[in-house]
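Here is a briefing on one protein chain. Please read it with the structure open.

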Amino acid sequence: MTQHNTQQPPDNRLTQLKEWLQHTTPSMGIALETLEPASSDASFRRYFRVKAHDRTLIVMDAPPAQENCEPFLHVTALLRDVGLNVPTILAQNLQNGFLLLSDLGPQTYYQAIQTGLADDILQARYKEALSALATMQTAQTSGLPFYDKPRMLTELSLFPEWYVERHCNATLTRQEKDDLNKLFQALVNDNVRAEKVLVHRDFHSPNLMLCTEPRFGANPGIIDYQDAVAGPITYDIASLVMDARTSWEEPQQLDWAIRYWEEARKLGLPVDKDFADFHRAYEWMGLQRNLRILGVFARLSLRDGKHHYLDHIPRVMAYVRQVADRYGEFKPLLRLLDRLEGKTRVMGLSL
């Protein structure tokens, strides 16, 4: 009878990481036996939590062949310069892609929301997040890549390639291709006109740490900002109120957007003077972002085997439809979505 080897392959990077911690940080009192997974993300990065004397620390493992730690170090400095709560870098080994960071707490906003937050606490935490967002947009953008038109269009191409054609197994007609191209141009031309600030790219509940104790610093702790760019001021508020991981009804979206807009105006940030204009602008930015996310989540499932991202697609699609339903320019998109979902529209009604 054939014996099947069920042993997991050795984790060479974890062995390297432990050796680095053991030899480079003896004074910190790191207890290697307490090292445990903290989280992973859509990239090749992964994170561990480890005990050290009377506190916990975070270890980032970013394989150099796929990830670059330099942007994380750079953006950390930019955000710290404006007083935001970001991890302190306690030790680094850039050659091997290891960073030792301070711990901002065990729970993200997303995790706290999933376990249940009273509305008064939720509103207080998001008020702090909105204030942090506006403060973040006062930061310098030196050394950041530009979120420009070619990059926006490249990202939007993920929607037809990965969501429509591969996830939905559909073939676009020539008319649908033309319609999408026109829609993409309209979105990008509008969004690229917005004033440029530091854009986190994923300023939403999974990347905001709930700092419930003084040792974790001011709320919120901000993480996962290594992909920051110099881009439209509308981007991150769209990320927050149209959160790909958490569904927010329109009245809540609007309330938080108004609060952010008022805070941004106080800080002299370049937002529209009329909130109605700002609302339209960030919704269009949100539509662009969410079309890209549909493609990204489909790709993470199909290419990388990370199928749990598919769980979020209905929520992201609801945000897409929310905006597309409001503006006549996006009727061709609605027709395409209806076809993909097996619906037909007759005299404005969905059957």
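**Charges over rings**

The charged end of R280 lies over the ring of W284, at 4.8 Å from the ring centre. R201 is placed over the face of Y147, 4.7 Å from that ring's centre. A charge sits over a ring if NZ of Lys or CZ of Arg is within 6 Å of the ring centre and within 35 degrees of the ring normal. This is a predicted model: local features need pLDDT of at least 70, side-chain atom pairs count only at pLDDT 80 or more, and totals for chains, interfaces and linings use all residues. Residues are numbered from 1 along each chain as its sequence is written, and side-chain values use heavy atoms, with hydrogens and water left out.

**Confidence**

- The protein chain has a mean pLDDT of 91, and 93% of its residues reach 70 or more. The pLDDT is the predictor's confidence in each residue, from 0 to 100.
- Residues 345–351 have pLDDT below 50. Beyond near neighbours in sequence, this stretch makes 11 contacts in the model. Contact means heavy atoms within 4.5 Å.
- Where pLDDT is low, the predicted coordinates should not be read in detail.

**Aromatic pairs**

- The structure holds 16 aromatic pairs. Rings of Phe, Tyr and Trp (its six-membered ring) pair if their centres lie within 6.5 Å; planes under 30 degrees apart count as stacked, over 60 as edge-to-face and the rest as tilted.
- The ring centres of W248 and W256 are 4.9 Å apart and the planes meet at 80 degrees, so this pair is edge-to-face.
- W248 and W256 are both buried. Buried means under 20% relative accessible area, exposed over 50%, and partly exposed in between (1.4 Å probe, protein chains only).
- Y260, W261, F275, F278 and Y282 form a cluster linked by ring pairs.

**Nonpolar cores**

- The largest nonpolar core has 95 residues. Within it, F159, Y260, L291, F297, F330 and L333 touch the most other members.
- Helix α10 (residues 275–302) gives this core its largest share, 13 residues.
- Another core lies apart from it, with 15 residues, among them I30, V50, L57 and A91.
- A nonpolar core is a set of buried Ala, Val, Leu, Ile, Met, Phe, Trp, Tyr and Cys residues joined through side-chain atoms within 4.5 Å.
- L333 touches F159, L180, L183, L287, L291, V320 and A324, leaving aside residues up to four places away in sequence.

**Helix α12**

- L333 is also one of the buried residues of α12 (residues 331–340); the others are L334, L336, L337 and D338. Helices (H or I, at least four residues) and strands (E, at least two) are DSSP runs, numbered from the N terminus.
- G342 follows α12 and has a positive phi, near 75 degrees.

**Backbone details**

- N219 and P220 are joined by a cis peptide bond, with omega about -5 degrees. P220 belongs to the loop between β7 (208–209) and β8 (221–222).
- H53 is not a glycine, yet has a positive phi of about 55 degrees. Its loop runs between β2 (46–52) and β3 (55–61). H53 is exposed because its relative accessible area is 64%.
- N169 is not a glycine either, and its phi is positive at about 55 degrees. N169 is in the loop between α6 (158–167) and α7 (174–191). At 68% relative accessibility, N169 is exposed.

**Cysteines**

- The disulfide count is 0, where a disulfide is a pair of cysteine sulfur atoms within 2.5 Å.
- C168 is partly exposed at 26% relative accessibility, whereas C211 is buried at 11%.
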